[in-house]
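This briefing summarises the computed features of one structure for use in computational work.

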Amino acid sequence: MNKFVQKFVDENVELCQPEKVVLIDGSEEQLEALRKEAVETGEMIKLNQELLPGCYLHRTLPNDVARVEGRTFICTEKQETAGPTNNWLQKDEAYAMLKELYKGSMKGRTMYIIPYSMGAVGSPFSKIGIELTDSIYVVLNMAIMTRIGQKVLDQLGDSADFVHGLHSKADIDPEKRYICQFPEDNTIMSINSAYGGNVLQGKKCFALRIASYQGWQEGWMAEHMLILGLKKPNGEKRYIAAAFPSACGKTNLAMLIPPKEYLEKGYEIETVGDDIAWIRVGKDGRLYAINPENGFFGVAPGTNAKSNPNALASTRKNTIFTNVCLNTENNTVWWEGLDKNPPKNAIDWKGNPWHEGMVDEEGKPVKAAHPNSRFTAPAINCPCISPDFENPNGVPLDAIIFGGRRAKTAPLVYESKSWENGVFVGSIMASETTAAASGAVGVVRRDPMAMLPFCGYNMGDYFAHWLDMKGKATKLPKIFNVNWFRTDENGNFIWPGFGDNMRVLDWIIKRCEGAVDATETAIGYVPKAEDINLNGLDIDIDTLKGLLSVDNDMWKKDVEGIEEFYKKFGDKLPEALRAELDALKANLNK
Ligand code: OXD
Ligand code: MN
């Protein structure tokens, strides 16, 4: 064993005191034995193997169902490194506090050593991590979401360059739950949670929080972005990366099925990734992206044969479902929005009998599946997975898209005027809260580049890093902003979204190719209405003009919010962004 890995394991065995230590070699026999053990102990339920081969169901504790931003920390020497948008702990104090919590936390349990690679093993983009965990669920999920096992150790060789990860379920005590990233030390420590987003350390902890810091230090970028390939009838491919806040439809866009007319002409969308992109400058001066993950950790509710047939198909084999509903009639799974036939005999995500129309003591509907219930599905299951999914050199980006949920302010699509202006557009990204979430409706939450919960360092430095990429690349992608969520006076969405978003991607690609003109507005270039293809769609040109309109008065109000948000960064706010804001103000007053 690599001596640095050995030392890391030895220290943590001494600290956590597991009964047994098992190295995960990645073999099917070992994984199958773990699945069997998890079924025997009740940690997982084996589903109908004819209808859902290789599929299992797992339930977490009701207090442990989502990422916990309030208990997620960036732990650095100085607070300034973590910046104004992160929870911060002084790193030595954090280590001392956490060590007390980990002491003896694995007594009577097995510690699994998971060597994993983010990105195809051996790709120049890829990075290695070692996660020590006392959870079989974590091992089995990491086996889907990342590349694991002996091949990763072989790739690591005798190098010390790996991310050190320690996870213990401990007592799943929410009061003692910590998700701590130490970017200066390539270290992740999470404890008292067993929910995916907190404990599958390859995903948010490593591939975004630690990797964003690594990218800053090393001259590349780790972004909360899907990556898709758009194949044109002549066989040419264009690649797009897109950042939206959580639950704004990244997986749906990544797996989009084009409208009939486009399909008939021969257009196709190929999925490279649905959540995370690692981006580097290639030899030709363009930006290249890989998806560092190997699977999809998707939200189940709302996924159906209409909204996202490719995601649904991805979950039909070798998938782990978490906190969905069990249909006891045929031992399969169900969730709200899957179809209109809720099971007659069912067990809800909490493990209680469930039937349609059930209400709790307060008369509120009881959900069969938790709203954040998930599927962990292998990427290779996806019918539209890109042939470049494993390409060690990544795919060249033609366009970057930002977006959020705005009821009125942002038009359907606009193009930024320059790289700096595009970075500004990303930095002011925002979503309005909807009635679906608790709290006030219509409150604007700023979420720059959709990285607010995931940027592992000072966001002022992060903006500067984005701006600096201009000096590193010679041909940058164009930057766009989209908004699928404009509503009419009755609060209904105007744009159909889903597959019809292809019509907007089509315009974006045409802009990248210099094939269509656009109209300049105060915020950027918007399409001429006749350049968005409406064939086969029940939307008239005037409605589309409304969707593309920019209301300067509304934007002047928005500028007040941006000013307020920018204040947070003090003198860390790059001068170029301040200048962009001033230019926007001037444009709005023209
Ligand atoms: C996710 C998220 O789970 O962004 O991908 O919350
Ligand atoms: Mn995400």
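Helices, which are H or I runs of at least four residues, and strands, which are E runs of at least two, are taken from DSSP and numbered from the N terminus. On that basis, Asn323 sits in the loop between β19 (320-322) and β20 (325-327). The model is predicted, and the protein chain contains 17 helices and 32 strands.

**Overall form**

- The radius of gyration of the protein chain is 24 Å, close to the 25 Å given by the globule rule for 590 residues, so the chain is as compact as a globular protein of that length.
- Taken along the principal axes, the box filled by the C-alpha atoms of the protein chain is roughly 70 × 55 × 50 Å.
- Of the 590 residues in the protein chain, 59% are buried.
- Among contacts in the protein chain between residues at least 6 apart in sequence, those joining residues at least 24 apart account for 72%.

- Lys204 belongs to helix α8 (residues 202-218), while His224 is in the loop between β12 (221-223) and β13 (226-231); the pair is 20 residues apart and links distant parts of the chain.
- Lys204 and His224 are both buried.

**Packing of helices α12 and α17**

- The axes of helix α12 (residues 419-427) and helix α17 (residues 575-589) come within 9 Å and cross at roughly 85 degrees.
- Angles of 65 to 115 degrees count as roughly perpendicular, and therefore α12 is roughly perpendicular to α17.
- On the α12 side the contact is made by Glu420, Asn421, Val423, Phe424 and Ser427, and on the α17 side by Leu577, Glu580, Leu581 and Leu584.
- By residue class, the contact of α12 with α17 comprises five nonpolar, two polar and two charged residues.

**Residues with positive phi**

- Asn323 has a phi near 65 degrees, a positive value in a residue other than glycine.
- Asn323 has a relative accessible area of 1%; buried means under 20%, so Asn323 is buried.
- Ala450, also a residue other than glycine, has a positive phi near 60 degrees.
- The location of Ala450 is the loop between β29 (444-446) and α13 (459-472).
- With a relative accessible area of 0%, Ala450 is buried.

**Further buried residues**

- Asn141 is part of helix α5 (residues 136-145), and its relative accessible area of 0% makes Asn141 a buried residue.
- Apart from neighbours within four places in sequence, Asn141 is in contact with Leu200, Ile320 and Thr376.
- Ser386 is located in the loop between β24 (374-378) and β25 (395-396), and at 4% relative accessibility Ser386 counts as buried.
- When residues up to four places away in sequence are not counted, Ser386 touches Glu270, Thr271 and Val272.

How values were computed. Residues numbered from 1 in each chain as written. Chains lettered and ligands numbered in written order. Predicted model: local features only at pLDDT ≥ 70, side-chain atom pairs only at ≥ 80, totals over all residues. Heavy atoms only, no water. Axes fitted to C-alpha atoms, helices over the stretch in contact; angles between N-to-C directions. Parallel < 35°, antiparallel > 145°, perpendicular 65-115°, else oblique. Contact = heavy atoms within 4.5 Å. Nonpolar A, V, L, I, M, F, W, Y, C, P; charged D, E, K, R; others polar. Buried < 20%, exposed > 50% of the residue type's maximum accessible area, 1.4 Å probe, protein only. Rg over C-alpha atoms; globule rule 2.2 N^0.38 Å.
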